[in-house]
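This report considers how two chains meet and how one of them is built. The structure is shown first.

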Amino acid sequence: MNNLKGLLFAMVLTPSLVLAHSHDISTFDIKSYVGFKYFVSSNGGEPIESYPEAGMLLNWEMTENFHTFVQLGLNRDGVEHGLEHLLIYGFTDYSNTITNIPLINTMPFRISVGKLKHEFGLYSDRISNPTTRPGVMPPQAIYWNALTTTLTSGYGFKAEIWLGDFNFGYTMDKYITADKKVESLTWTGVDFIDMDPTFGNHRVINVNWEPDEYDVRMRSSLTSIKLNDDVDTIQMLTIGVEYDNSNWLLSGEVLGVKSKDLSWLADFSDLRYGLSGTIGKMVMDNMQIYFNYNTYLNSHIGDMPGVNDNVTDWSDFNIGTVYEIGDLDMRLEVHRIYGGRLQQPKDWDRTSNSWWLIGTSMTYQF
Amino acid sequence: MKTFIRLFIASILMLKPSYASDLVHSQSLTIDYTVSTLKAIFTRKTTFWDGGKRITVFIKPMNSIEHSVFLTNWLGMTKYRYKKLLNINIYSGRNTNVKIVDSDAEMLLALQSTPFAVGYLTDGALVYNIDGEIKLIVVFYE
């Protein structure tokens, strides 16, 4: 796999040294951003998730059918856990269309190899970029910050087909761990699981419906993660629906997590789930306000020794705004949170019934 | 913005300043398109024509008046909305970016040399290349 990473870097970074203008009519394109994200909370401790963000998207059309996408990003994982995490994703894909198929006429398909973005929820493929992610901090009931890299990227392959407005995908890869201790704490609330990713222990099946005719889309995914040989496989099911037009944004998402009995229809005793709903309104051409409520409920972990309900069941009501001036993107978000283990896995036993969190970000694109 | 627009496509090998009047007399093909289809094409959500050929999209600079006029008249959206949708498709690693040209002359040159590309001119006409031949599209709202 290291050879694959080296090949991708060699293929993409070499031409980037001589082509640096995104307006050129060429097969190579670069987009960049730089910014900062800052959080302050009312329950003491260090600010949560405050760090500079800078990134570059390299986009190379090698032939009509072969493309390479690389996004480099300086974020929390890159700062704290090493240079590997500077590569947010980097893959080469082959895409084409099969024509003259009875009933459906055409069927586009794509095969990708490299460090991939996972299909998880409505927004997993957007949250690494500060200008495309929802809000300042994506709803933590669905998109756990402590697991961002595990949930959103891995080394392997992905195959996709499109049938009309439906997109079907299958991904098999080796997931990424940012910090094994943090990952384990986030999963279980206690520090005893050693995550040992190998190729094939992360798989995703996704079915999306994204029609051109309407401003509605629906995404669903079933993710299977095997932590190591001694631990049960964990499965995560997401279903999300979004309506997003020029004025309104309405979205709802559900996350279900199972680890004991992986039969989704037979046994719900160990089911943990997250819910998130958002209403947004464009109040000006370049300004949106939004309200989000997300909650995570855990019926299983609360029974474990040393873990209490305050840190396993939690909810977050937040109000925010996004304002753009030219290429500058500014955001402000105010949260009222009950519980919150998932947001501070290192301090999961620091319980506080309810607390405030204010987040802000500023990003410049060029 | 009306949901459906009828597009009359005229085949012309070279565009002249008076192309609009030429079109009336040289229509060779009529098809139905929707605003949503054009939105999908220009925001890079859709990157293949129905026949399976890859679409290359040329636009004027993001902050130019021509671009804003095009977005308003054809796609019914602001430049902020367009940038958001484009960034979503680009930064998610799904599709390649649009290409930017500064003038109508550059636009025509680029389209002429790029099979199956689409772009637009200052006065709002859609232009695209099919099999090396430049086509002009004039829109009539129903």
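## Basis of the model

This is a predicted model, in which local features need pLDDT of at least 70, side-chain atom pairs count only at pLDDT 80 or more, and totals for chains, interfaces and linings use all residues. Residues are numbered from 1 along each chain as its sequence is written, while chains are lettered from A and ligands numbered from 1 in the order in which they are written.

## Contact between chains A and B

Chain A contributes 29 residues to the contact and chain B contributes 28 residues; two residues are in contact if their C-beta atoms, placed from the backbone, lie within 7 Å. On the side of chain A that touches chain B, at least two residues each come from strand 1 (28–41), strand 2 (51–61), strand 3 (66–74), strand 4 (87–101) and strand 5 (105–117). Helices (H or I, at least four residues) and strands (E, at least two) are DSSP runs, numbered from the N terminus.

## Organisation of chain B

Chain B contains 5 helices and 7 strands, arranged along the sequence as β-α-β-α-β-α-α-β-α-β-β-β. Of the contacts in chain B with a separation of 6 or more, 53% join residues 24 or more positions apart.

Of the 142 residues in chain B, 35% are buried, that is, 20 or more other C-beta atoms, placed from the backbone, lie within 10 Å of the residue's own.

## Helix 2 of chain B

Helix 2 (residues 35–42) of chain B is largely enclosed by the rest of the structure, because 6 of its 8 residues are buried. These are B:V35, B:L38, B:K39, B:A40, B:I41 and B:F42. After helix 2 of chain B comes B:R44, with a positive phi near 70 degrees.

Conventions:
Buried ≥ 20, exposed ≤ 12 C-beta atoms within 10 Å, placed from the backbone.
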